[in-house]
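Dear colleague,

Here is the structure I promised to pass on. My notes follow below it.

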Amino acid sequence: MPDLSNIVKAYDVRGVVPDEWDESLAELFGAAFVEVVPAAAIVIGHDMRPSSPGLSAAFARGAAARGVDVTLIGLCSTDQLYYASGSLGLPGAMFTASHNPAQYNGIKLCRAGAAPVGQDTGLSQIRELVETWSDEGAPAVPAGTVAGSVTELDSLPGYAAHLKGLVDVASIRPLKVVVDAGNGMGGHTVPTVFEGLPLDVVPMYFELDGTFPNHEANPLDPKNVVDLQARVLAEGADLGIAFDGDADRCFIVDERGVGVSPSAITALVAARELGRHGGSGTVIHNLITSWSVPEVVRENGGTPVRTRVGHSFIKEEMAKTGAIFGGEHSAHYYFKDFWNADTGMLAALHVLAALGGQEGPLSALVASYDRYAGSGEINSTVADQAGRLAAVSETYGGAEGVTLDELDGLTVTAEDWWFNVRASNTEPLLRLNVEARDEATLAKVRDEVLALIRA
């Protein structure tokens, strides 16, 4: 019996095709999914990777063979699949490996209403069934079971209309916008979503190509936004927008070609969502977003709630608190009015609408939401993660005016700065994030902590 632990992650399935998984396994995943998440029907979408159509079709066969009707929405972004799951009230499967290199593919699974399926909510049981069945195939269906139907649906117009119904698009003024789709699904969704808006869109890498010929579709890595930054300046554009491979995250570049931190976007969107919801509501943020986020939330009448890093924690807390919005440092933005799911496209529409509400440039707009000096995430390869974390804790534990908490890794907070150190779940890395009231303090704290981590 194979061990699939290498490809079944905390939140999804992801691995190299065909070395680690292939269409035969995808068919078993389809059968196992409808065993663990019982439903009369499911919806399936896929990205532009060469292996995606075959894998998603195999998954559909596995589900349909067990009597479940399948709706195929074909090429889509991950948040477009969440829209289909939410609007149709069906469990869903999205075939994508997001920003990973071309040889990878994966499956993001959800219950009806886009509720996530992770290790603790069904994914581990799905893995166990696939492992059990991989030698002999899925067990025979009960006698008399009729295979489910397989139909196709174009969900893109409905997705675009739903998003534009959640933002005052009438406030968007004429703007020149450079959009880097990274040869990913943004090239599929942006033309329809932006249609009818007063935007002069300069497209970059809109051709759907899962081999990523221009750069990796991972805007979190600075080298992958260099082309966008240069084009914004060359075009004299008002802003730039970059999407990752499955277009569920967006990254913003201002008119100077300078990246806008996801924390600043979280704060900006939080203020706007609080305004939409009558000036009150809960907003979720993970513990390594900027101090700016809870400050802006409180200033706009909201209640900030701090969580661990990771979409399962954000979505769980949103469901528990009835939060209207949530944001992460990784540019995932979650909306109550989007089934608590993440959609970078809706965040992008908020930025465009906010910029339309004032005459100045984007850099001036976001300045009030970007109040502190931040290091960004600094990764260090460390053999003894626990030992280095203990050394950092011991060093700062007795310091006056300093507090420690272990909600997620180690967070150390003082009056003028804070930092968080977290161990990677998959690699021998410690991840450091530092924020301070000024650049000099930031540099001092960052260097002190890195010296301890790398000792």
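Ile-44 stands opposite Ala-93 in strand 4. Helices (H or I, at least four residues) and strands (E, at least two) are DSSP runs, numbered from the N terminus. This is a predicted model: local features need pLDDT of at least 70, side-chain atom pairs count only at pLDDT 80 or more, and totals for chains, interfaces and linings use all residues. Residues are numbered from 1 along each chain as its sequence is written, and side-chain values use heavy atoms, with hydrogens and water left out.

Strand 2 (residues 41-46) pairs with strand 4 in the parallel sense, over 4 bridges. Two strands pair if DSSP finds at least two bridges between them. Strand 5 (residues 104-111) runs antiparallel to strand 4, again joined by 4 bridges. There, Cys-110 is the bridge partner of Gly-92. Strand 4 (residues 92-95) is covered on both faces. Gly-92 and Met-94 are buried on one side, Ala-93 and Phe-95 on the other. Buried means under 20% relative accessible area, exposed over 50%, partly exposed in between (1.4 Å probe, protein chains only).

An open sheet of 5 strands has mixed pairing and the order 9-8-10-11-12. Strand 9 (199-204) and strand 12 (259-260) are the edges, each pairing on one side only. Strand 8 (residues 175-180) pairs with strand 9 in the parallel sense over 6 bridges. Leu-175 stands opposite Leu-199 in strand 9.

**Cores**

A nonpolar core is a set of buried Ala, Val, Leu, Ile, Met, Phe, Trp, Tyr and Cys residues joined through side-chain atoms within 4.5 Å. The largest has 84 residues. Phe-194, Leu-239, Ile-241, Ile-252, Leu-352 and Leu-362 touch the most other members. Helix 11 (residues 344-356) gives the most to this core, with 10 residues. Apart from it lies another core, of 34 residues, including Phe-29 and Val-68.

**A pocket**

The second largest pocket has a volume of about 190 Å³. A pocket here is an open set of points on a 1 Å grid over the protein atoms alone, where a 1.4 Å probe fits, with protein on both sides within 12 Å along at least five of seven lines; lining residues have an atom within 4 Å of a point. The volume is the space filled by probe spheres set on the points, which are joined across faces, edges and corners. The lining has 13 residues, with His-285, Trp-291, Pro-294, Arg-306 and Trp-418 nearest the centre. Helix 9 gives the most, with 3 residues.

Best wishes
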